[in-house]
Number of protein chains: 2
Amino acid sequence: MNLPSPYLLFIGQATDPLSIKMAKSAADWSPEKCIGEFSLPGCSVTTGLPSMSIQEGAQQGAKGFVLGFANSGGVLDTSLIDSIIEALEAGMDIINGLHDKLTDIPEVAAKAAELGRQLIDIRHPTTRFKTGTGVPRSGKRLLTVGTDCSVGKMYTTLSLARALQAKGANATFRATGQSGILVAGEGVAVDCVISDFISGAVEALCPANSEDHWDLVEGQGSLFHPAFAGVSMGLLHGAQPDALVICHALNRAHMRAIPGRPLPSLEQVINMNLNAARVTNPAVKIIGVSVNTSSVSDVEALTYCKDVTERLGLPCVDPIRHGVGPLVEALG
Amino acid sequence: MNLPSPYLLFIGQATDPLSIKMAKSAADWSPEKCIGEFSLPGCSVTTGLPSMSIQEGAQQGAKGFVLGFANSGGVLDTSLIDSIIEALEAGMDIINGLHDKLTDIPEVAAKAAELGRQLIDIRHPTTRFKTGTGVPRSGKRLLTVGTDCSVGKMYTTLSLARALQAKGANATFRATGQSGILVAGEGVAVDCVISDFISGAVEALCPANSEDHWDLVEGQGSLFHPAFAGVSMGLLHGAQPDALVICHALNRAHMRAIPGRPLPSLEQVINMNLNAARVTNPAVKIIGVSVNTSSVSDVEALTYCKDVTERLGLPCVDPIRHGVGPLVEALG
């Protein structure tokens with residue numbers, strides 16, 4: 001996968017900050033690849049990058065038009081399709097992270113063919129994977145696992161990768177979802193892999209490496225989420241992690257998209273993940289906890305992290321507020 | 001899915017009894033739908049049904065030509081394709097349970113189109129599923145779970161369904177793999193579902209039902225198999241089982257296709273499955289153990305089952321040798 005950049009980030013008519021996660025991830029983690037954002041009337045959120053028209057983006061050199069929003073219902077409305085056509089005409093390839101494929105929209109497919117532009121559905125693997133083997137492989141791997149979906153696994157993993165790289169360690173971020181792929185320029189969206197091949201796809205994503213090398217593997221879902229635990233399980237076995245970081249969002253009211261379903265405790269998440277991970281790496285360890293504390297004050301965040309450390313005997317940080325120093329130290 | 005029957009079971013040049021599992025399943029469980037088997041020179045195994053040519057099968061009324069063998073490597077060799085073409089010309093539709101699609105073989109696709117015959121890839125879901133919710137639903141469900149792949153989950157589930165139906169209970173077998181689908185005439189091959197939708201597909205397969213109804217859901221893989229645990233996990237959450245039966249093959253030397261990897265203990269399998277299943281049904285219970293004892297004598301089989309019962313306090317049977325009476329009783 002070779003994603004055309006720099007990007008113009010299209011955020012449509014979004015009003016929910018969580019719905020532009022993909023655009024925001026690129027703006028936060030690959031600002032050097034991003035020229036700006038393009039939104040439609042009604043949009044009330046921003047990535048923080050300069051707002052511009054498609055024409056302005058093209059004039060400033062944008063090569064990839066990123067569909068940086070989530071679309072509920074799976075159908076793109078007409079105003080969004082018009083913008084995609086305009087971007088194609090302005091010389092950009094389209095980068096799509098939705099389940100729906102752009103090639104399934106006839107007018108988009110026809111326009112791209114006419115102009116010789118690429119429609120890149122980054123969520124859809126083009127490789128045919130093998131089934132997993134669980135055979136031990138060299139190199140070290142860390143995986144982030146969650147109490148729930150969207151609790152900060154990608155941010156934590158990227159923070160760890162950057163911190164290790166900054167101190168000169170041999171470390172690679174491995175993207176497993178569309179936002180991570182956009183940041184890294186490569187990866188596998190494991191939630192789009194045929195289920196027989198989940199762990200095999202992850203074994204291919206982070207293969208044997210030199211003994212001093214760390215793969216920092218982005219987690220997905222949660223073993224406690226009734227929709228996505230299969231993805232989390234296959235990812236856990238395929239990653240064969242030496243180290244796990246537990247990720248959590250403080251004060252999340254319920255499991256994502258399932259009102260009424262409480263989140264599991266950190267202890268439950270630790271036990272279930274360790275038991276499952278030992279199937280492919282009996283030496284796996286939990287090295288710390290990473291919490292999105294954005295719902296509370298600085299003081300409350302520090303108190304919460306201190307309490308977790310006392311309770312579990314593990315370092316606990318908010319990567320945005322406190323950095324990931326204690327987690328990096330725990331890796332030795 | 002509406003499968004054309006009666007079937008002529010094509011077993012190719014198979015020499016390994018396990019490799020014709022799909023044909024054997026249909027012969028054992030739906031003999032009324034099977035006219036006979038067709039094999040090629042070199043084949044050394046049998047379903048036990050009469051051997052006949054494609055022409056003889058057609059004369060006796062066969063409507064579905066079932067590819068009843070597993071093909072390693074994913075490529076059908078020429079002699080097999082010739083037989084498929086001959087069956088199409090003899091008036092049959094083709095029923096395929098391999099990962100590879102028949103529509104991807106140009107000469108088969110062309111011949112089927114020319115003659116107006118169906119190419120039915122039963123492993124590939126044609127439905128677009130939703131993601132799972134885990135919301136409690138009415139009706140009762142039993143799921144078979146395994147120490148490994150291919151340990152008798154389908155045979156156990158079918159035995160339970162037939163036994164419940166025989167005593168007048170309101171019970172339905174729910175197929176989750178290609179062999180089960182061939183027997184039942186419908187179902188979802190969960191190992192071919194996009195991984196984001198595993199549990200959602202299973203929720204659709206065994207939806208809310210009347211309170212006295214039992215769905216007997218065929219298990220897949222094992223939470224301890226490093227290739228397939230993601231499938232098993234999504235199936236477990238989606239089935240939302242009230243009752244689990246642990247399935248095991250006595251004296252299996254290693255996890256399927258992974259020499260050197262030992263099977264987990266029954267205790268490990270019980271603990272891991274209960275912990276995971278409680279995410280969608282806190283009241284889940286293990287009701288018994290089902291063992292394929294074909295590797296030992298009658299006496300040794302009885303001794304083994306008695307020992308398991310004493311150790312775990314659960315009924316333990318070989319469904320083929322002993323029937324499933326004690327498991328049905330445990331359902332109340």
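Predicted model: local features only at pLDDT ≥ 70, side-chain atom pairs only at ≥ 80, totals over all residues.
Okay, let's start with the two chains. Two copies of a chain are related by a rotation about an axis and a shift along it.

Next, let's go into chain B and look at two helices, α8 (residues 229–239) and α9 (residues 266–277). How do they pack? Their axes sit 9 Å apart, at an angle of about 50°. Angles that aren't roughly parallel, antiparallel or perpendicular count as oblique, and that angle makes α8(B) oblique to α9(B). The crossing of α8(B) past α9(B) is right-handed.

Which residues make the contact? From α8(B) you have Met233(B), Leu236(B) and His237(B), and from α9(B) come Asn273(B), Ala276(B) and Ala277(B). Sort them by class and you get four nonpolar, two polar and no charged residues.

Last stop, salt bridges. Over all chains, the structure holds 22 of them. Let me pick one in chain A: the side chains of Asp191(A) and Arg123(A) meet at 2.8 Å, N to O. This pair ties together distant parts of the chain, 68 residues apart. Asp191(A) is in the loop between α6 (178–184) and α7 (198–205), while Arg123(A) is in the loop between β5 (119–121) and β6 (140–146).

Notes
Residues numbered from 1 in each chain as written. Chains lettered and ligands numbered in written order. Heavy atoms only, no water. Axes fitted to C-alpha atoms, helices over the stretch in contact; angles between N-to-C directions. Helix = DSSP H or I, 4+ residues; strand = E, 2+ residues; numbered from the N terminus. Parallel < 35°, antiparallel > 145°, perpendicular 65-115°, else oblique. Left-handed = near helix turned anticlockwise from the far one by under 90°. Contact = heavy atoms within 4.5 Å. Nonpolar A, V, L, I, M, F, W, Y, C, P; charged D, E, K, R; others polar. Salt bridge = Lys/Arg side-chain N within 4 Å of Asp/Glu carboxyl O.
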